[in-house]
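User: I have a structure open and would like to go through it in plain terms. Can we start with the overall make-up and then look at some details?

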Amino acid sequence: MALLQDITVPLLAVNDTTLTVVDVAFPNGQPVKKGEIILVFETSKTTYEVVAESDGFVQYLCEAGRDYEVNQVVAKIFSSASEVIKEPVTAKQEYTPHVQDGKKNTVNDWAGETLFSLEAIDLIESLHIDKSVFKGRDFVSRQDVEELKGINGTSNNKLPVQPVSQQPKKTAIPVDNSKVIIERISSNKKREIEFLSHVQSIGLTSTIDVYVNTDGIFVHLNRSLKYFKNSLLPVIIYETARLLQKYPALNGYFTGDGIAYYKSVNVGFAVDIDKGLKVLKIGGAAEKGLTEIEENIMGVSSRYLDDTLQIDDLTDITFTITDLSSEGVAFFRPLVNMMNSGILGVSSIDEKLQRCTLSCTFDHRVTEGKLVAAFLRELANRLESYRATNHNYPTKDILCYKCSKSLQDDLGDVGFVKSITPDGKDGYICQSCLKGF
Amino acid sequence: MQSVSKTISHRVIKDAIRIRRVEEKFLELFSAGKLNGTVHTCVGQEFSAVAFAGQLKKKDFIFSNHRCHGHYIAFTGDIRGLLAELLGKASGVSGGIGSSQHLCNKNFYSNGIQGGIVPVAAGYALGNKLRGEDAIGIVFIGDGTLGEGALYETMNIISKWEIPLLIVCENNLYAQSTPQHINLAGDIGSRASAFGIKTFEGDTWDPELLINNAQGAIDYVRSSVKPGFFLVNSYRLNAHSKGDDDRDKEEVEIYRNKDFLNVFSKESSDYYNRYLEVINKEIDDLVDEILLEDELPLENYYKPEAVVSNNSWVGLEPVNKRQVELLNKFFRDKIVSDDRAVFLGEDILSPYGGAFKVTKELSVLRPERVFSTPISEAAITGISNGLALNGFKPLGEIMFGDFMTLAFDQIVNHASKFHHMFNKKINCPVVIRTPMGGRRGYGPTHSQTLDKFLVGIDNVKTVALNTFFDPTIIYESIFNEEHPVLVIENKTDYGKRILSHKYSHFVYERNEDAYPVVRVKPAVSTPTITIVAYGGQADEMLSMLEAIFLETNLKPELIVPSLISQLPVDIIAESTMNTGRLLVIEEGSGYAGIGSELLASVAERAEGAIKMKRISAYPVPIPAVKSLEHAVLPGKNRIIKEIKEIFC
């Protein structure tokens, strides 16, 4: 018979003094299991799930769709069902001040004596804590002691997740259990559906494709990139970000009765490597250089892989790029994310034709084909400008398959001939070997 | 009907006609709706203007009052600037800001405050005397001004200090609508002679004699370097202002018939009409031209400025000297090195050196620049204002902060307004110092902190010293100011050494603003409560910071502004947004106080929920008895109790 968990409204961003409860997962009094999602908050930027810390019975003090002040208790988990008050409690708007918790106070570089507040000393004594654990602190308050002991649930840190706009709608398509096996879709997938249907479900999207000639494109790029050899992603992010300033309609979204233009350009790129599909942000991309963008991609990707993404890595994305170039696709139709008006798809490079497809799906309520075509064409031209002209081929790397002489060492001024080698591969042959001595 | 003099110069008559015609034009324009506000005409009194203002030298000066058009025209000849001023044009003598009562041009100043101009004029005249110039000044008052105390404070001082100022009292028998027999006791001239001031007399019905006597009075003041008092008997033929005339019509008619210009117009109508025609044309042409002109745009008059505090911080170190020693040392240096410095105040001469010894030995170093005054706060401040207008850097001392109320008119209606109302032609870099604060047992009228009454005065800086750093940093900035500064010192701080208690758990720093902001914050921890205090209360807080933490669990960051008339809201709001808690402590009572202002400003700026609290003295006079005095002022026990109740 105990209160196991108080669920309070977290402070997720300085500007959000209230959060909206967007999803209440269970009916009041329902048994819940440790790790199950109890409710979902929505901030101005993202959503935030709260999971049960232990098995118990949930009582909600909130309703979906309403706003609650930071620090207000919105749900409780009790150890027995009898403790739960069955009637839902209406939203309390009682004032609770934003109070700085102790998280930032754990600086440990104080060489002097530590000063304990009277309450801190009481608590330390009652908990039989060794005072020396606070060595290196200037002041230790009751809150600091509590934080150390994990009291007040400050350890409940979870990754923020992608936003959902509203409660998932239950689609009711009849199933016959004798003919099909039902696997419930994950909450991640549900969110993805919600997230993408926001723009797509209206049906007013269209996709335009252009080719980019990639012949010789990596000659210089590979030299200026540290990690991403033979990848167009960094340079596409770099050039797209700059172009979006010229095409603000693609850096905004449809609000229902107007168009919102983002003031900054934060390009997101989609990744899906074992950890679920996520769009990761390169903030302020239009102000960043190519090297910085590459480093940003590396940084945010490793946070993705290490499960250490910050809320800021996922929020305020103003345009998305989805790169399927490693999947051998010729072209595809990307889907526009919520609160975006466009998305750029990058297909694989056709090695024979030395080109790849760029596809842009856009929200027709915000812009139209002519403008997007111009955007794509300009993007393609910018990308093609990275191509090395023939003079700049790395002549030492072009070898005659027959005599292994490099083009650099060839004294003639007619060059090598592209040919098919006897074992059917692409290759080069020098004039001497071709014509014979 | 009496006859007018045949020997009087027609130039004088023409000057008087011009004054009358300009004022009559004002009344016409007012009736036509082209003149905003009000005018007070001197119709009937013009020869007083001509006799005095017309006979001064360029280097001399005039302070006049609400009825100043005649004086202005006679002294400056600038009809155009006056017409444009009253028509509200940018080319007006005060840019249209001042209008009828607030003119400033070539050593001519006027202000609509009765009596208050007299000490200012005395200060200006004192400045001339200090420079060894033989320039003199005239201040015009009316018989209505004889009710003002500042006049008598000043008459006492100008006589005692032998200041070359001629007070011209234009007696038109009425104070606005009230006849003299209702509100004036005794004799006018005896008032001046009782102060040992030589008196003169004349009237506007005999301009020739008036002009001769005026010249005699001017010569006396100039040659003897002593004040004079001239009573000009006259009569105002028009209303006080425009239509507000309840005087007996027959009485007015008697004076109308007696008026020199009226008699002259009948006796010498040829001359009169010829002069009138020329003058009318001159005025009409000017008015036609001026009516087409533009008014001053707001941005030329006022531009809002945001508070942007300096954000580079330097560490603070103790100085093993008492605050009063540092102040005294600074003033000793200044009185020798800075020719602008003049010290005025009660009991400031050596060996006494002021009630709190701040001015000790200054009068030994440079006796001619230290004036121990009578108990006359209005005159101390007004004379300081006049010295400031005349290019000096006067430091007036008001012995106790409570007495600032006696100087209030000079601060609010003179120092604060001069620069703007004269359309930024002049600056008034006056400095008024005064100690405030309790905890000395001085009781209700010698202990109050009434800084909240001072911080709301536009264009006047109010600075509160503290014991965190050398106060001469603040006074150096004050010496560079071009506008008025009030300095609140603190009685208990005088005896304290600078940063005498530095607790190792805190970092002490100040920013590099002209009036530095002090910040005391935990050595490494993030603070969890922002506390703002200033002046003497800041020192009280310093010794309390550890106790606050021990008892409340909150890690305090103390911010101590010194420029309290423009609080460093940016710094305080930023700190508050980090801590979520803001406490302001002031030694004055709280209602509509500096804490209120700060909380409102922070609330306008800060984002997120913030808990705020003001702690101040209880709203009663400060008791003398120690136990009650400490209970009324914000002390440690009350502060900690309130923090626990509000923030924990």
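**Chains, cores and helices**

Analyst: Chain B has 25 helices and 24 strands. Keep in mind that this is a predicted model.

User: Which residues touch the most other members of the largest nonpolar core?

Analyst: That core has 195 residues, and the ones touching the most other members are B:Ala121, B:Ala122, B:Val139, B:Leu165, B:Leu166, B:Phe230 and B:Phe343. Helix H5 of chain B, residues 117-130, gives the most to this core, with eight residues. In general, nonpolar side chains tend to be buried together in soluble globular proteins.

User: Pick B:Leu165. What does it touch?

Analyst: Leaving out residues up to four places away in sequence, B:Leu165 touches B:Ala121, B:Ala122, B:Ala125, B:Ile136, B:Gly137, B:Val139, B:Ile158 and B:Pro227. Another core, of 45 residues, lies apart from the largest one; among its members are A:Tyr247, A:Leu280, A:Val300 and A:Phe319.

User: Change of topic. In chain A, at what angle do H5 and H6 cross?

Analyst: The axes of H5 (residues 233-246) and H6 (residues 290-305) of chain A cross at roughly 120 degrees and come within 9 Å. That angle makes H5(A) oblique to H6(A). The crossing is right-handed.

User: Which residues make that contact?

Analyst: From H5(A), A:Leu233, A:Pro234, A:Val235, A:Ile237 and A:Tyr238; from H6(A), A:Leu290, A:Ile293, A:Glu294 and A:Ile297. Eight of these contact residues are nonpolar, none is polar and one is charged.

User: Last one, H22 in chain B. Which of its residues are buried?

Analyst: In H22(B), residues 569-579, the buried ones are B:Val569, B:Ile571, B:Ile572, B:Ala573, B:Ser575, B:Thr576 and B:Thr579.

User: What covers them?

Analyst: The cover includes strands E21 (529-532), E22 (556-560) and E23 (581-589) and helix H23 (594-605), which belong to chain B.

User: And what follows H22(B)?

Analyst: B:Gly580 follows H22(B), and its phi is positive, near 80 degrees.

Note on methods:
Residues are numbered from 1 along each chain as its sequence is written. Chains are lettered from A and ligands numbered from 1 in the order in which they are written. This is a predicted model: local features need pLDDT of at least 70, side-chain atom pairs count only at pLDDT 80 or more; totals for chains, interfaces and linings use all residues. Axes are lines fitted to C-alpha atoms, for helices over the stretch in contact, and angles run from 0 to 180 degrees between N-to-C directions. Helices (H or I, at least four residues) and strands (E, at least two) are DSSP runs, numbered from the N terminus. Angles under 35 degrees count as roughly parallel, over 145 as roughly antiparallel, 65 to 115 as roughly perpendicular and the rest as oblique. A crossing is left-handed if the near helix is turned anticlockwise from the far one by less than a right angle, and right-handed if clockwise. Two residues are in contact if their C-beta atoms, placed from the backbone, lie within 7 Å. Ala, Val, Leu, Ile, Met, Phe, Trp, Tyr, Cys and Pro count as nonpolar, Asp, Glu, Lys and Arg as charged, and the others, Gly among them, as polar. A nonpolar core is a set of buried Ala, Val, Leu, Ile, Met, Phe, Trp, Tyr and Cys residues joined through C-beta atoms within 7 Å. A residue is buried if 20 or more other C-beta atoms lie within 10 Å of its own, exposed if 12 or fewer, and partly exposed in between; C-beta atoms are placed from the backbone.
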